[in-house]
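Please keep the sequence and the model at hand while reading.

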Amino acid sequence: MGRHEWKSGAQRWRLTALLGVAVAALALILTVITTLPGGGTGTEGTTRDGDKVHGTPAVPPDEAKPAVGWGFTHTQYSADEGEDAATRRAGTMLAGLPSPLPQNQHIMGWGASNPEPVKGRYDFEAMDKRMDFIRATDGTPVVTLCCSPDWMKGGKPGSGNTDWSQQSLETAPEREHYKDFAKLAATVAKRYPDVRHFIVWNEFKGFWNSEKSRWDYEGYTELYNLVYKALKKVNKDIMVGGPYLVMDSVDPRQTEEASHEVKGAWGRMDQRVLDAFDYWNKNKAGADFVVVDGSSYTVDDDMLPDEFKATDKLTAVGKWVRARTGDLPLWWAEYYVEPGDSDDARDGWSEPHRVAVQASGLMAMARGGASSGFYWNPQNKGEDCAGCLWRSTQLSDGGTELPMLEMLSRFSDAFPPGTEYEKVSVAPDDVPNVRVLADKKTVLVVNTLDREIDAKVDGQRFTMKGYGVKWLQR
């Protein structure tokens, strides 16, 4: 017995020792993994199954169309968070619009967290919440594939290490990580199978070549093509577009780096932007729609000849793009008609003035051939929010419609993709003072003056308040 017990004891010792070695080895492996670059550093709150379908996706149409219409982009403080009653109110309001608005959300920033803090480890909690809101309000979901996790652009990996500074957020992924970003894009597409429209990157952020003083259009196009192919591999019916360039313009008297072709009283296009667009257009792997971005004013914030006529730039840009891309639907991912201050705030105009110029901007984009556009919703947490679509849901009585949403919603409903625009008669003395857009059913009229006028448009005579917006039925 004793000898047997001794052997038993020895076996137990050996087993315990082996287990101890195994545990120590496992601990060592975990320590190495969590300290290696791109390893498991700071994986709190992340999972490996980022491509697992989230929630209950809305059923997309059998054949998604490349044009989605006129909608808005969610920013940091949107209607998916805040006071419960206010968020419900906002959701009910958006779901009850005559025509649901397309809604755009970025994958990182502007309300979304770092989607892949560590390579192969995902955090879509904030993105999931936004997608749930878009689904609940019947909006057509659009995803902008920007920006990129820190480890793709030379930063430190880890869920607690994200650098949210503007400089970091606007840094493009390093070339050796282009394929990693394309893989992330495919992961997003698998997680949200009801999203059929993806925009690749945002405003060429991080793609400026300082040495050559021009855009790194080769780098962007390489990234775009990898993402395009990755998304089409997930689902051939996914719609992909770019290049989301900022269509900058300069003073009409400037000649250096200025276009001699695309110009007007509003200014001249920056030729370097046009060159970047042409390179992408000639070398892209494919596109289902084309995306641009820009303002009616120059890089010096000049609205020429005035804030209303300056919107003619949006028409000129649209016609130039359409001439190069043929039948591809044209989207404006962002559009601005009111210069921002030093903090990029736009609150210098009255709301009627703002709505009137915004309506003129939408009309100008439509005249230029655009069929889709996204208003950048400047939502904040406060009582006052110039140009916001709804009162902040951080307020107990928030979530109610504001004038900008009323105008955007009505424009979207009246002039959907495929609209055929018609000319209308305007009394000669009213031509300098009003802007009009019409199809066979509806006429939109904008008073560009800060005073009441009596106008005659499409055979109808009526009074308009200063900066008034009027809808006529034909």
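With which side chain does the side chain of glutamine 105 make a polar contact?

## Basis of the model

The model is predicted, and local features need pLDDT of at least 70, side-chain atom pairs count only at pLDDT 80 or more, and totals for chains, interfaces and linings use all residues. Residues are numbered from 1 along each chain as its sequence is written, and side-chain values use heavy atoms, with hydrogens and water left out.

## Glutamine 105

The partner is arginine 130, whose side chain makes a polar contact of 2.8 Å with that of glutamine 105 (a pair of N or O atoms within 3.5 Å; within protein, one must be able to donate a hydrogen and the other to accept it, and residues adjacent in sequence count only if both atoms are side-chain atoms). A polar atom of the glutamine 105 side chain also lies 3.2 Å from the backbone oxygen of tryptophan 110. Glutamine 105 counts as buried, at 0% relative accessibility (buried means under 20% relative accessible area, exposed over 50%, partly exposed in between, with a 1.4 Å probe and protein chains only).

## Aromatic pairs

The whole structure holds 25 aromatic pairs (rings of Phe, Tyr and Trp, the last by its six-membered ring, with centres within 6.5 Å; planes under 30 degrees apart count as stacked, over 60 as edge-to-face and the rest as tilted). Tyrosine 224 and tryptophan 280 have ring centres 5.5 Å apart and planes at 85 degrees, so this pair is edge-to-face, and both residues are buried.

Phenylalanine 289 and tryptophan 331 form a stacked pair, 3.8 Å centre to centre with 5 degrees between the planes. Phenylalanine 289 is buried, with a relative accessible area of 0%, and tryptophan 331 is buried, with a relative accessible area of 0%.
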